[in-house]
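Me: I would like a close look at one part of the structure shown here, with the rest brought in as context.

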Amino acid sequence: MFRVMTYRGNVKIGNWYEDLQLQEDEKKEYLEEKQRGELLYQKVDFLKQNMLNLVNLSVTTDGGLHFGDVVMLVNLGGENRESSAVSINADINSLIKTSLPGIKAPCGVSAGRNMQACTRTAFIITSVDGSLEGSTLQYEQSFALRTTCGFASGLYLVSDLQSFQKSAKYSRLQEVSLDKGCSFLSWWKIEHFEPLARLEYAGQPVPANMKVLIKHCKTNQALAVLGDQVLRTTFGNEYEVTAHTFLDSHKAEKDSNHWILCTSDPAGSGLSLLNHPLSATNNQDKLTQLNPSI
């Protein structure tokens, strides 16, 4: 008995129409999302493009820091880490896609090795005690650090006491993040990096491009970068930033707590610290002339 072929090989069987319709719907949805810029790679490109926009840092003429100055917070590195700068650690979940795009609070921070002044790394020294913009920042004086307006949304660098529910992601130390609104949690102060000189320098102008300590007013913990705790971010692997004072055998803060508030080179060719390594000494000489008591 011969076998009778009921259909040919090119005959469509099963739920072929439903499968075809599903493919067309998926293609249509993909094209619509692409047109709206909602695809994953488009969101990442949009975030990077806006976060890496160049920012002009302030230029100091008297060697000191002032309220309203735009600076970078740079750590020169140590045994297990390279030079890094405090940076906004935003991802695509932090995006606000409206007529005025930006990032939403709260938002994390990290220490990236990109030493270029951009939206991610620029912070504005902001008064919290009524000091006028342009007035000199002094040692032990409270101030706030705020991101630039626009895409960075003008968020404040904040910290609070470590708790079981709220702490740094890997080290579990005191968390540092960005949040909206200026409060006591966003108050910081600057101390001389040499413990024996702090009493003498209290109330004196803070020089730019020199090593200092940045301490949180509420918890009295120093801003720190951790080379052994690496975060995976949209911008690559970066160091974790926390508020914790690391002391050596002489009860002095370690280099992970040493920061430089960098300004721009007057010649307009980047960071003053990197272009003129001796600028720190020059700034100190200028401040000594202005304040012979130093």
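Are Arg198 and Glu253 buried or exposed?

Reply: Arg198 is buried, and Glu253 is buried too; the word buried stands for under 20% relative accessible area, exposed for over 50%, and partly exposed for what lies in between (1.4 Å probe, protein chains only). The model is a predicted one, in which local features need pLDDT of at least 70 and side-chain atom pairs count only at pLDDT 80 or more, while totals for chains, interfaces and linings use all residues. Residues are numbered from 1 along each chain as its sequence is written, and side-chain values use heavy atoms, with hydrogens and water left out.

Arg198 and Glu253 form a salt bridge, with 2.5 Å between the closest N and O atoms; the term requires a side-chain nitrogen of Lys or Arg within 4 Å of a carboxyl oxygen of Asp or Glu. Arg198 belongs to helix H3 and Glu253 to the loop between E13 and E14, so this pair ties together parts that are 55 residues apart in sequence. Through shared partners, salt bridges join Arg198 and Glu253 with Glu140, Lys189, Glu191 and Lys215 in one network. The element names are DSSP runs numbered from the N terminus: helices are H or I with at least four residues, and strands are E with at least two.

The surroundings of this pair can be followed along the chain. The loop between strand E13 (236-243) and strand E14 (259-262) also holds Lys251. Lys251 counts as exposed, at 62% relative accessibility. Its phi is near 65°, a positive value in a residue other than glycine. Most residues other than glycine have a negative phi, and most peptide bonds are trans. Phe193 is partly exposed, at 26% relative accessibility. Phe193 and Val212 lie 4.8 Å apart in space, C-alpha to C-alpha, although 19 residues separate them in sequence.

By the rule above, the count comes to 10 salt bridges. Another of them links Glu82 and Arg113, with the closest N and O atoms 3.7 Å apart. Glu82 sits in the loop between strand E1 (70-75) and strand E2 (84-89), and Arg113 in the loop between E5 and strand E6 (123-127), so the pair ties together parts that are 31 residues apart in sequence. Glu82 is partly exposed at 47% relative accessibility, and Arg113 is partly exposed at 39%.

A further salt bridge joins the side chains of Glu238 and Arg120 (2.9 Å, N to O). Since Glu238 lies in strand E13 and Arg120 in the loop between E5 and E6, this pair ties together parts that are 118 residues apart in sequence. Glu238 and Arg120 are both buried.

The loop between strand E7 (143-147) and E8 contains Ser153, a residue other than glycine with a positive phi, near 70°. Ser153 is partly exposed, at 32% relative accessible area. Elsewhere, Ala105 and Pro106 are joined by a cis peptide bond with omega about -5°. Pro106 is in the loop between strand E4 (102-103) and strand E5 (107-112).

Last, the surface. Trp16, Tyr17 and Leu20 make a nonpolar patch of about 300 Å². Patches consist of residues with over 30% relative accessible area and no salt bridge, where like charges are joined within 9 Å and nonpolar side chains (Val, Leu, Ile, Met, Phe, Trp, Tyr) within 5 Å. Accessible areas come from the Shrake-Rupley method with a 1.4 Å probe, and for residues only the protein chains shown count as cover. Leu20 lies in helix H1 (residues 16-36) and is partly exposed, at 35%.

Glu24, Asp25, Glu26, Glu29 and Glu32 form a negative surface patch. Lys and Arg count as positive and Asp and Glu as negative, with His and the chain ends not counted; the place of a charge is NZ of Lys, CZ of Arg, CG of Asp or CD of Glu. Glu29 is also in helix H1 and is partly exposed, at 45% relative accessibility.
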